[in-house]
Every structure is written in C-alpha cells, then in structure tokens.
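Thanks for coming, everyone. Let me put the model up, and then I will take you through its cavities and one of its interfaces.

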Amino acid sequence: MTEITSLRPLAAVLVSAAVIVPILLSGNRPNLRESWTGLAALAKFAVVASMVPAVLAGDTYVTDLGEFLPGVRFALEADALGVLFGLLASLLWIITSSYSIGYMRGLDEHNQTRYFAAFAGSLSAAMGVAFASNLLVLFVFYELLTVATYPLVAHDETDEARAAGRKYLAYTFGGGVAVLAGTALVYWLTGTVAFTPGGIEALTGADPLFARLAFALLAAGFGVKAALMPLHSWLPDAMVAPTPVSALLHAVAVVKSGVFGIARVVLDVFGPDAVADLGMGLPLAAVAAFTLIVASVIALRQDNLKRRLAFSTVSQLSYIVLGLAVLAPTSLVGGLLHIPAHAFMKITLFFAAGAIHVETHTDDISDMAGIGRRMPLTMTAFAVAAAGMAGIPLVAGFVSKYFLLIGSVSAGQTLFAVALLVSGVMNIGYFWPVVYTAFFETPEDSDEKPLIEGPLGGRFAWGRAAVAEADAAGGDAPSDAVADGGHAADGHTDAHGHGDGHAGGWERRSWTGGESTWFMLGPILAVALGSIVLGIVPDGAVFLRVVRLVVAGVTGVTV
Amino acid sequence: MIAALADRAYFVAAFLLLGVGAYMLIGDRNLVKKVIGMNVFQSGIFLFLVASAFVTGASAPLLTEPAPYVSPLPHVLILTAIVVGVSLTAVALGLIVRIYEEYGTLRADLVEEVGDGE
Amino acid sequence: MTPVEAVLLVFVLATAVATAVLRDVLAVIIAFAAYSLGIAVVWLLLRAPDVGLTEAAVGAGVTTLLFLLTIAKTVRPPSDELFVDVNLPALGVSGLLVAALATTLTALPEIGSSSTPVATSRVTNYYLDNAYAETGVENAVTAVLAGYRGFDTLGEAVVVFAALIGLLVVLDREVLA
Amino acid sequence: MSDLVALLVVVPLLGSLVALTAGIVRDESGWAVALVTLAVQAAMAATVAWSVLSGEAISYAVGGFEPPFGIELYVDGLSAAMVVLVPAVALGVLAYARRAGPRSNRFYATYLLLVTGLTGMSVTGDAFNLYVFLEITGLTAYALVASGDRGRSAVAALKYLLVGTFGASLYLLGIGYAYVATGTLNMTDLASELAAVGYASPLVGAAFAFVVVGLFVKVAMFPLHTWQPGAYEGAPDAVSALIASLVSTVSAYALVRVVLTVFTPEYLAAVPLARTLLAATAAVSIVVGSLLAVSQTDIKRMLAYSSVSQFGLIVAALSVTNGTALVGLAVHLVGHAVMKGGLFLAAGLVSTGTGARSVTEYDGLAGRMPVAAGTFGVLVLAMVGVPPAVGFLGKWYIVLGTLEAGAWALATVILLSTLLTLAYFARLLERMYFRDAAEAAPDATAVADGGEGDADGVSTGMYAAAVAAALLAVALAAAVPAYQAALGPTVEVLLP
C-alpha cells in the first residue's frame with residue numbers, strides 16, 4: 001500500500017465548487033447553466049473513477065494542503081472507504097443532474113440558479129466528507145454540507161419549508177457540535193485525529209471513560225445525519241425539498257455522510273476491536289435495531305409517499321449502522337455494501353415519486369390508484385426497487401442484507417438478526433400497498449381524483465418518451481403508451497377548458513416537455529437497472545470489491 | 001476597631017465618597033447630577049490614593065524641603081486623573097446640552113423612553 | 001488625626017451627601033463647589049500641594065463653571081421639594097460597594113505610617129533619591145510628571161485634546177473652520 | 001527599531017492634529033489625512049509585529065527612563081496581533097466611511113485619536129498608563145457615538161460615558177489597591193511584588209476584583225453590558241463597526257494582559273474564587289447574551305448582544321489559563337473583530353441601500369442586495385463557527401483548552417454556544433434568502449450579481465470594506481497555524 005501524492009482528491013472536491021460561480025453568472029441562460037452542472041458531474045465522476053484501479057490495488061491518493069492545526073494536516077485522502085462513498089455520490093450525481101433538469105423545468109420552479117449552485121456545493125462538501133483524511137477535515141466538510149444543503153431544504157420558501165429548514169439547521173448543527181466535542185476529545189486524548197485503518201493506537205490506552213464519551217458524542221453527532229432515532233425527525237420534514245434533493249441528498253449524500261462518519265469512527269478512529277473493548281458496539285447496535293423497527297412501523301402509517309420513503313430511509317440507514325455496530329467482518333461488509341445498495345434503490349424510489357409529482361401533482365398514496373397504467377415504467381422501476389428494499393433476491397438489497405444477517409448470526413447477535421428479518425417483512429408491508437394501489441386498483445375508482453385533473457401535457461410528453469424507452473426496453477409498454485397518448489390528447493383540450501392553474505404549466509411545458517420527461521425517465525431506469533446489477537452480479541460491480549478491501553484492511557479478515 | 005477606623009479615617013472617607021458617588025451615578029434621575037456623582041466617585045479614588053502616599057511628619061515632595069517626603073507618585077497619578085475627569089465632565093455636559101436641545105428635558109428616565117420610542 | 005482633619009473630613013462628606021440629596025440643581029452645584037474646595041484643602045493637609053492647587057483651579061473652578069454654563073444653557077427644573085426621593089436599588093448597590101470596600105479596611109496600612117509599601121517602595125525612593133540628579137527639577141512631582149511618567153502626561157494632553165474635539169463633534173460645531 | 005513602538009502611538013496622534021488643522025485650509029480633507037496616517041501606522045505596525053512574531057518580545061523604555069521607574073512599552077505575540085488589527089480595521093472602516101460619512105475633519109481627528117488610544121492600550125506595559133489610554137479610547141468613543149445626527153445618539157453616548165467612566169474608575173481603584181499593596185505600577189514589577197505581598201491579602205483580592213470588574217464594563221460582559229446595545233445602535237454605521245470591532249476587543253486584550261501579566265496564572269491557581277469570577281461571568285454572558293440577542297428586533301442591537309456572548313468565549317478562555325486556550329483566545333479576539341466589524345458594515349450597507357434596520361425588514365434581502373446579503377451570510381456562518389472560517393478555529397482551540405483544563409461545564413457551554421449563536425443568526429439567513437420582501441418582486445431571479453450601485457448612496461468602497469471582512473473571516477484561518485507557532489514564546493512567558 002503506497003500513498004500517491006496527487007491533486008486528484010482535491011480536484012474531485014473542487015470541481016463542483018468551481019462551477020458554482022459560472023452557474024450563478026449564467027442564471028439567465030438555463031441551458032448554459034445546466035451544462036455547467038452536467039460538465040461538473042461528468043468531470044467529478046471521471047476524476048473519482050480514475051482513482052479506482054489504484055485504490056483497488058491497495059494504494060491511496062493524497063492531497064496535502066498543509067498544516068491545519070498542530071499534528072493535524074489539512075489533507076484529502078482517497079482510500080478504499082472514501083472511494084466507496086465518493087464513487088457512489090459522483091455517479092449518482094450525474095444521473096440526478098439529468099433528473100433535476102427535467103424536474104425543475106417540469107415544475108417551472110423558482111430560483112433554479114440557487115438550486116443548482118447549492119446542489120453543486122453540496123456535492124463538493126459530500127466529496128470532502130468522503131476524502132477527508134482525519135476527523136477534523138471530515139468535520140469541516142460535514143458542516144459545509146449542512147450549510148450547502150440548507151438552501152435546498154428551504155427551497156420552497158413556504159412556511160413549511162422554512163420550518164423544515166430551521167429544524168434541519170438546528171438538528172444538524174446540533175450534531176455538528178457533538179462531532180466537534182467528540183473530535184476535540186479524541187484530539188485531547190491522543191494528540192491526533194488522523195484516520196488509521198484499525199483505529200488510532202493511542203485511543204486503546206486512553207482513559208476508557210473519556211474514550212466512551214468521545215465515541216458516544218461522535219456517534220450521536222453523526223447519528224443526527226444518519227437519522228438514528230430519536231434524532232431523525234428532521235429527515236421526514238426535509239422532504240419538502242424538491243424531489244431530486246430528497247433523492248440524492250436525503251437518500252444518499254447527506255444521510256450517508258452521517259453513516260459514513262460512523263463508519264470512519266468505528267473503522268478508522270477507534271477500530272472495531274477498541275469499540276468492542278469499550279463496550280460501545282452493543283448500545284449503538286441496539287439504537288440502530290430500535291430505529292429500524294420503529295421507523296418501519298411509522299412508515300406503515302404514512303400516506304404521503306415521500307414521507308413514507310423518508311421513514312424507510314431512516315429504517316434502512318440503521319441497517320448500515322447495525323452492520324457497523326455488530327463489528328463482525330461479515331456484518332461490516334453487509335453494512336458498507338448497503339451504502340451503495342440502499343442508495344441505488346432509494347434513489348429509484350424517490351425519482352419515481354418525483355416523476356409522479358411532476359406528471360400528476362399527486363403526493364399521497366391514497367390518490368395513486370391505477371397510476372401504474374399511466375406510468376408503467378416508472379412504477380415498474382418503483383416495484384423493483386421496493387422489492388430490493390425488502391430484501392428479495394436479484395435486487396441489490398438482498399446481497400447486503402444477506403451479509404448483514406450472516407454477520408449478525410455469526411457474531412452471536414441473533415436478536416439483531418431477528419430485527420433485520422422483522423423489518424424486512426415490514427418493508428414489504430409498507431411498499432406493497434403502493435405497488436398494489438398503482439397496478440391493481442381500477443383507474444375508474446380514481447376518476448374524480450386529482451391525478452385525472454392534473455396537467456396533461458406531461459402525460460402527453462411521457463407518451464412520446466415512453467415509446468422511445470419502450471423500444472429500447474423491448475417490453476410490452478407500447479400499447480399502454482399509445483393509450484396514454486390518446487388520453488393526453490383528450491386532456492389537452494380539457495385543460496384548456498378548465499383554464500385553471502395547471503393550464504399555464506401545460507403551455508410552458510409543451511415545448512420543453514418531451515425533453516423534460518426524457519430527462520426524468522432515463523435516470524429512473526438507469527438507477528433501477530443499477531439496483532438489479534448490484535443484485536445479480538455484485539462481484540461485477542466495483543462496490544463489493546471496494547467494501548471487501550476496506551474490511552480486509554481494517555480487520556485483516558477477508559470475507 | 002475604633003482605633004483602626006481612626007487610623008484609617010481618610011480611607012473610610014474615601015469609601016463613603018465612593019458610595020455617595022455611585023449612588024448618584026446610578027440612582028439620580030437628573031443627568032447633570034449623574035455627572036456630579038461621577039466626579040464625586042472619582043475624587044473618592046483620588047482621596048484613596050493620595051492618603052496612601054501620606055507619611056506623618058513628612059514634607060511635600062519638594063526636594064528643597066527637609067526629608068522625609070511623602071511619595072510623589074500618587075500625586076502625579078491624581079494630577080493626571082483630575083485632568084481626565086474634567087475632560088470627561090466637559091464632554092458629558094456637552095452631551096447633556098445637546099440632549100436638552102433635542103428632548104427638552106434632563107430627566108434620564110424620560111430621555112430613555114423617548115429614545116426608545118423613536 | 002487632628003481635630004482640623006476630622007472637621008474637614010466631616011465637611012467634605014457633608015457636602016458630598018448634600019450634592020446627592022438636594023433636588024435643586026443649582027444648589028447641588030454650589031454644594032459641589034464647596035466640596036471641591038474642601039477636597040483641595042484635604043490635599044494640602046496630605047502634603048500634596050500640587051494636587052491641591054490643581055483641584056482648586058480645575059475642580060472648584062473650571063468644573064463648577066462648566067456646570068453653571070450647562071444649567072444656563074439647559075434648564076434648572078423648578079421644584080417645591082428640598083430633597084430628592086430615595087432610589088432604593090441604587091442605595092443597595094452603593095451600599096454593597098461600600099461594604100465590599102470596608103472589608104479591605106483593616107488590611108490597609110495606617111494613614112501616615114512610614115513603613116507602608118508606598119513609602120518604602122523602591123520606585124518611590126528612586127524618585128526621591130534621583131529625581132533632582134537626573135532631571136534637575138526640585139519638585140519631585142514635576143520631575144515624575146514630566147520625566148519618568150512623561151508618557152502619561154502626553155496621554156493627559158491627548159485627553160484634553162480629545163475632549164476639545166469631542167465637544168466639537170458632540171455639539172456639531174466647527175470652531176476652526 | 002524599537003522606537004517604532006512609541007511611534008505607533010505618536011503617528012495617529014500627529015495625524016489627528018493634522019486632520020484638525022487641515023480643516024482650516026480645506027473642508028472634508030480629514031479623510032485623506034486619516035488614510036495616509038493609518039497607512040503609515042499600519043506599515044509600522046506590520047514591521048513591529050513581524051519582528052515580534054519572528055523573534056522575541058519588544059520592551060521599550062519611554063524617554064530612556066528604565067522601568068519600573070519610567071513607563072515601559074511592551075509588545076509580545078498577543079499585543080502584536082492587536083497592534084496590527086487596530087490600524088487594519090481602522091483602514092477598512094475608513095474605506096466604508098468615505099461615502100457613508102460622517103465627513104467632517106473633526107470626526108476624522110477623533111477617529112485617529114481613538115486609534116491612538118487603542119494602540120496605546122495595546123502596547124503599554126504600565127498599569128496606570130493603561131488607564132490613561134483607556135480613558136482616551138473611551139472619551140473618543142463617546143464622542144464618535146455622538147457624531148450620529150440623531151438625538152438618541154447623544155443619549156446613547158451619555159449613557160456609554162457614564163457607564164464607561166464608572167468602569168474605568170473601578171479599574172483605577174483596583175490599580176490603586178495594587179499600588180497601595182506594592183508601591184509600583186509597572187506590570188511585570190507588579191507581578192513579582194504582588195506575589196511577595198501574598199495572594200491571600202485582601203488588598204490583592206480587592207485589586208483583582210476591581211480591575212476585572214472595571215474591565216468587564218469596558219468589554220461589556222453581562223450584566224455590565226448595558227451601555228453597549230444603545231451605543232452600537234445609536235452610532236453612525238461606520239462608528240458602530242469601528243467600535244464594535246475594536247474597543248471591546250482591545251479592552252478584552254487589556255483584561256487578558258492584566259490578569260496574566262499582573263496577577264499571573266499562579267494567582268488564579270491560588271485563589272479559586274478569582275478563577276470562578278471569570279468563568280462564571282463568561283458562562284453567564286455566553287448564555288444570556290445569546291438569549292437577549294434572540295429577542296432583539298433591531299439588527300444592530302442584536303449584533304451588540306451577540307458581542308456580549310462572543311466575549312464570553314474570550315473570558316472563558318482566559319479563565320482556564322493554558323496555552324491552547326490562550327491561542328484560541330487570541331485567534332477569536334482577532335477573528336471576532338473582523339467578523340463583527342464586517343457584520344456592522346454589512347448591516348450599514350443594508351440600511352443605506354434599503355433602509356432596513358430591523359430583523360423583519362431583512363425579508364428577501366438576497367433578491368434586493370445580493371452582495372450585501374451574501375457578505376452578511378458568510379459572516380454569520382463564520383460567526384456561528386462553520387469551518388473552515390476563523391470563527392471555528394478560535395472556538396476549537398478554546399474548547400480544547402477547556403478540555404485540557406478539565407473545565408467540563410465551561411466546555412459544554414462553549415460548545416452549545418454554537419447553537420445559541422445559530423438561534424439568532426439562522427432566522428436572518430432564512431429571512432434574507434427564503435422570504436420575499438413585502439414590496440419586492442416575488443420572483444427575484446436577481447441572483448445574477450448586480451450589487452454595485454443597486455441602491456443610492458452605497459459606494460464601491462462600502463462594498464469593498466464589507467466584502468473584504470467576509471473574505472478575511474475565511475482566509476485568516478489559513479494564517480492560524482503560523483500565528484499559533486509564533487505565539488509559542490509569548491505563551492511561555494505568560495503561562496510558565
């Protein structure tokens with residue numbers, strides 16, 4: 001294992017920060033502005049991907065920017081764990097960028113410039129979290145991530161959004177304070193905060209009381225963003241954000257930065273052995289198990305689709321934390337692998353929910369009867385991802401949960417294995433009704449429901465796109481698409497007849513609508529496909545190899 | 001105890017002056033009297049310091065007089081402090097004149113009320 | 001403690017209390033002028049002639065004049081009552097201050113003792129021994145003022161200067177231009 | 001070389017005289033005089049600071065009279081920061097004041113005298129000399145507050161004068177006690193003499209109490225802060241920025257200097273009550289200052305209470321007396337000066353550009369004045385302690401210092417102060433960016449920057465000063481490691 005001095009980790013962080021200014025300056029020219037986003041996304045992914053081969057070979061890339069504090073370098077380091085997160089976030093950003101464009105234009109959202117700028121900033125911060133070489137640098141980017149995502153949460157500028165923004169800031173900065181306190185304790189105990197695979201040695205000799213306190217503070221602080229109960233309540237509220245934000249940030253970048261922080265703490269600050277010695281693994285696992293069960297129960301009761309997905313996120317994140325907290329090598333693999341697995345699946349679900357919102361302005365599950373006929377591809381993708389969430393084989397979720405289960409059982413933590421299984425059942429419990437409502441309820445029931453009165457141009461546009469997509473997929477969609485196209489044509493006049501608020505939206509989208517929907521449907525299918533690839537050939541995708549490398553590096557055990 | 005008081009009568013007087021000055025500074029509603037209180041307070045400190053320099057039977061620190069002398073340093077400090085005090089008083093009174101021009105009163109409580117209501 | 005000193009201190013304290021309790025501002029200013037004169041005499045008794053002269057000129061003279069000018073420019077609130085109402089919170093605060101000060105009383109050296117730290121300090125003795133030799137000024141106070149602590153005196157001049165232009169700023173006047 | 005130290009004080013004094021007399025020849029010539037004077041002073045300050053930070057502390061006997069008989073000027077790593085900070089901030093505010101005013105020559109003469117006083121406080125090594133400069137600073141600050149043309153400026157100034165003089169007088173009384181106990185006034189001489197007298201002596205205790213409480217008034221610690229909100233609110237914007245940035249800062253420096261150099265850490269170790277006085281006041285100020293800030297509707301008053309809270313952090317760092325906390329103290333002292341000064345400048349920009357002075361009037365500011373709102377936003381986040389801004393680093397060292405000292409309660413309060421700060425600043429962010437102004441167009445896609453000249457009376461210089469403060473608030477963080485290293489010898493002297 002060698003350290004390669006390189007500017008690549010820095011470039012990965014800065015590339016999206018660098019486009020913020022061009023984005024702000026080209027606010028009046030949307031196409032140019034979105035090109036910047038796309039360019040940055042591709043460049044970022046390219047940079048991260050370029051580091052993968054060497055990282056898989058056991059090397060790390062390091063950018064050292066000089067001394068930050070005595071004994072603490074301000075350095076970025078792309079090691080295996082960092083690349084896992086970085087690769088995931090940058091890959092999904094490309095897809096989300098495309099989706100964002102469709103979504104934001106589809107809804108004719110206000111202040112899109114700020115949105116794209118903040119989005120780019122968030123990605124920079126997330127990449128910084130991934131490549132931070134020590135706790136303090138991690139903290140820096142962790143806080144910047146909070147700042148960068150706040151405008152996205154409060155984007156709507158409604159009372160609800162502002163309240164959610166306030167809550168978001170209060171929770172995450174509160175978590176930041178705990179992280180800072182924990183970091184300060186670690187620094188005070190050991191004189192260093194650098195990540196060391198297997199843990200900082202000096203911590204094992206430190207006063208166990210303070211070491212426990214430091215661990216608790218760090219776990220709680222990162223636990224806020226990881227939405228561990230009872231620190232989770234910002235997450236469902238944050239769902240007022242535009243859907244791409246919910247999808248990438250509140251299913252991937254932000255919440256996973258919390259999980260990632262916990263992973264760093266467990267693996268590279270304390271080390272699994274020290275965590276076990278301090279007796280901190282069990283309480284953390286217990287919190288995670290509690291969260292994953294209770295969040296599942298709450299999810300069952302949510303009618304708003306995005307809120308249901310949010311509680312699902314709360315629950316699924318705890319799978320990862322549980323995997324980390326059980327400390328057995330297999331469970332570590334399961335937990336870490338669940339980071340990309342959950343990301344792909346949950347982003348699919350959110351994309352689908354967002355597409356429904358844009359197309360039909362429908363947010364509640366009870367209003368979605370028969371929506372599968374209107375949006376078959378979207379809802380098929382949704383069903384696939386939902387199945388994966390529940391741990392059904394051939395989708396990504398199965399593999400990670402398999403490792404988690406094996407790990408829990410082999411570590412003798414049968415109770416946690418049971419919790420995992422129960423939660424898996426409940427996953428089916430809260431996703432199946434959505435799928436059922438979408439596909440198996442008759443559309444006649446919902447004739448009077450808002451989705452019929454919704455903006456119709458979107459459906460028209462969807463029809464066109466669906467044909468294109470369906471051709472590629474070779475499925476049985478064409479007949480549906482044609483039928484929908486017909487409806488759309490009828491609805492067109494209808495909308496004009498009503499002359500309500502949606503009519504304006506229709507007019508505007510009639511000429512960008514096709515593009516808009518293509519921008520959304522493509523990403524949905526891509527991420528759904530990703531979920532399946534991860535489920536069928538986990539070894540083929542790079543993530544499992546990276547995860548194995550991480551765990552082998554930390555524990556010395558090859559899983 | 002009485003002897004201790006008598007031996008330190010100047011200090012006792014200084015403390016009482018500080019008390020009187022502080023009372024006026026804090027408690028009086030008339031702005032001019034507050035400034036007078038400030039002066040009394042400061043002269044209490046002056047008394048404290050000059051008294052500390054005093055030596056029974058000693059001469060003023062004019063080196064033409066016979067030794068011993070009282071310590072010259074506190075006198076120097078007080079000379080400076082007196083001038084500082086007068087300067088502060090002058091500025092304070094200037095402010096008071098302006099406040100009167102604006103508000104037509106010298107009552108601290110009324111001025112504050114008007115000030116907040118603006 | 002001579003009877004003269006005792007009477008003088010009582011006079012000073014009485015005039016100070018008078019400034020505090022009298023309601024009529026002009027009466028207060030007169031009481032304050034009397035107070036300043038009393039203090040000036042105290043300085044003389046304490047062998048501080050320079051301070052006494054300054055006090056008489058500045059305290060009793062300039063300051064009183066400033067106060068009189070102020071009430072001439074503003075108002076002398078008419079009043080039927082002789083005394084002000086007692087402000088209990090302020091009385092409490094100043095009472096606490098005096099009480100706190102009183103706790104240090106016995107630790108303070110006796111007045112007039114020749115063995116106090118002030119009298120015996122090397123700084124004091126250095127001035128008394130070397131001031132004339134080093135500065136050629138016979139008044140040790142002047143020597144220290146202008147020589148050893150000349151920087152303070154510079155500061156003092158700055159304070160006066162600051163007060164003058166401060167007054168210009170405060171009263172929004174241009175005197176020089 | 002060392003004559004430069006005395007010149008640091010003399011140059012702005014001469015500049016002040018020139019500014020006043022230049023007024024006879026030509027109106028409104030004071031600004032140029034102040035610019036030249038401060039530029040010269042800043043250059044000299046940089047030279048002095050460089051020599052101190054790269055070498056050793058400078059001790060200078062004024063007039064050749066050796067301390068403790070004469071007055072000593074003393075510049076170590078801590079005062080070096082103040083020496084540079086004072087002219088630097090004064091220059092920045094000057095850029096702002098050119099358009100914003102006041103413009104009279106007497107104003108700039110007073111301005112330079114304030115700089116004289118602050119510089120004097122920063123370099124003096126004599127306890128009574130500190131009093132003299134404290135009063136120069138105070139007197140000029142009172143006058144500057146009153147230079148606002150509103151009636152309440154005069155009221156605020158008089159209140160400031162009365163309370164400020166009370167504080168300075170208490171300081172003098174404390175020094176009087178110390179003098180009565182020891183017979184000397186030089187700071188380092190006092191330290192050894194006080195130790196010889198014995199820390200248990202009531203005289204030493206009284207000296208400590210009065211000196212510290214007197215300076216608490218000047219620093220504006222709760223509950224002695226009462227002069228501050230009115231003074232900051234009543235003063236013209238440029239003056240608020242200057243005073244908020246420098247006066248409390250240099251007073252806090254004086255407090256640190258007196259506590260560490262005159263009384264020494266041994267005194268705090270020997271008299272736990274003294275340490276408790278510092279720590280308790282700090283904790284109360286942090287919490288209550290924040291709570292009062294939350295309840296304010298006027299921006300400048302809110303910023304004033306924020307200062308009460310932030311200086312609580314400084315005093316908290318002082319109370320634990322270790323090297324780490326001292327570094328944090330110095331960093332936060334400078335960082336806070338830059339951030340708070342910048343915030344007042346930004347608030348001034350906003351009130352000049354839109355007339356908004358209250359929290360609710362900041363609604364939708366991002367659309368109306370994007371650059372001002374952005375500046376304000378960056379400074380607010382820096383103040384909250386978002387890394388890597390300098391506000392974070394100060395807090396980090398202070399927290400670490402309190403941990404080293406085992407002051408758990410204090411560490412907790414300091415950490416939570418982040419959230420308290422957030423409590424009053426987050427609502428501003430929200431109002432600026434996520435609410436529409438009552439009268440402004442709702443779809444303000446004016447994020448494309450059009451800052452300059454989008455409001456009458458807002459000059460480029462005003463923008464430049466505020467933006468520079470915001471940039472500095474972030475960039476200063478990079479200088480912290482070097483400053484920390486350079487502070488090493490100073491820490492060794494102060495905390496043996």
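**The largest cavity and the A–D contact**

Thirteen residues line the largest cavity, and those nearest its centre are B:Asn39, B:Phe46, B:Ile82, C:Glu55 and C:Gly59. By cavity I mean a set of points, on a 1 Å grid over the protein atoms alone, where a 1.4 Å probe fits but cannot get out, lining residues having an atom within 4 Å of a point. This is a predicted model, in which local features need pLDDT of at least 70 and side-chain atom pairs pLDDT 80 or more, while totals for chains, interfaces and linings use all residues. Residues are numbered from 1 along each chain as its sequence is written, chains are lettered from A in the order in which they are written, and side-chain values use heavy atoms, without hydrogens or water.

The volume of this largest cavity is about 130 Å³, taken as the space filled by probe spheres set on grid points joined across faces, edges and corners.

Turning to chains A and D, the contact (heavy atoms within 4.5 Å) takes 36 residues from chain A and 30 from chain D. Within chain A, A:Arg162, A:Val177 and A:Trp188 lose the most area to chain D, together 17% of what that side buries, buried area being the accessible area (1.4 Å probe) lost when two parts are put together, summed over both. A:Arg162 also forms a salt bridge with D:Glu430, their closest N and O atoms 3.9 Å apart, where the rule asks for a side-chain nitrogen of Lys or Arg within 4 Å of a carboxyl oxygen of Asp or Glu. A:Val177, for its part, is among the residues that line the second largest cavity, whose volume is about 50 Å³.

Note on methods:
1 Å grid on protein atoms, 1.4 Å probe; cavity = no way out; pocket = protein on both sides within 12 Å on 5 of 7 lines; lining within 4 Å.
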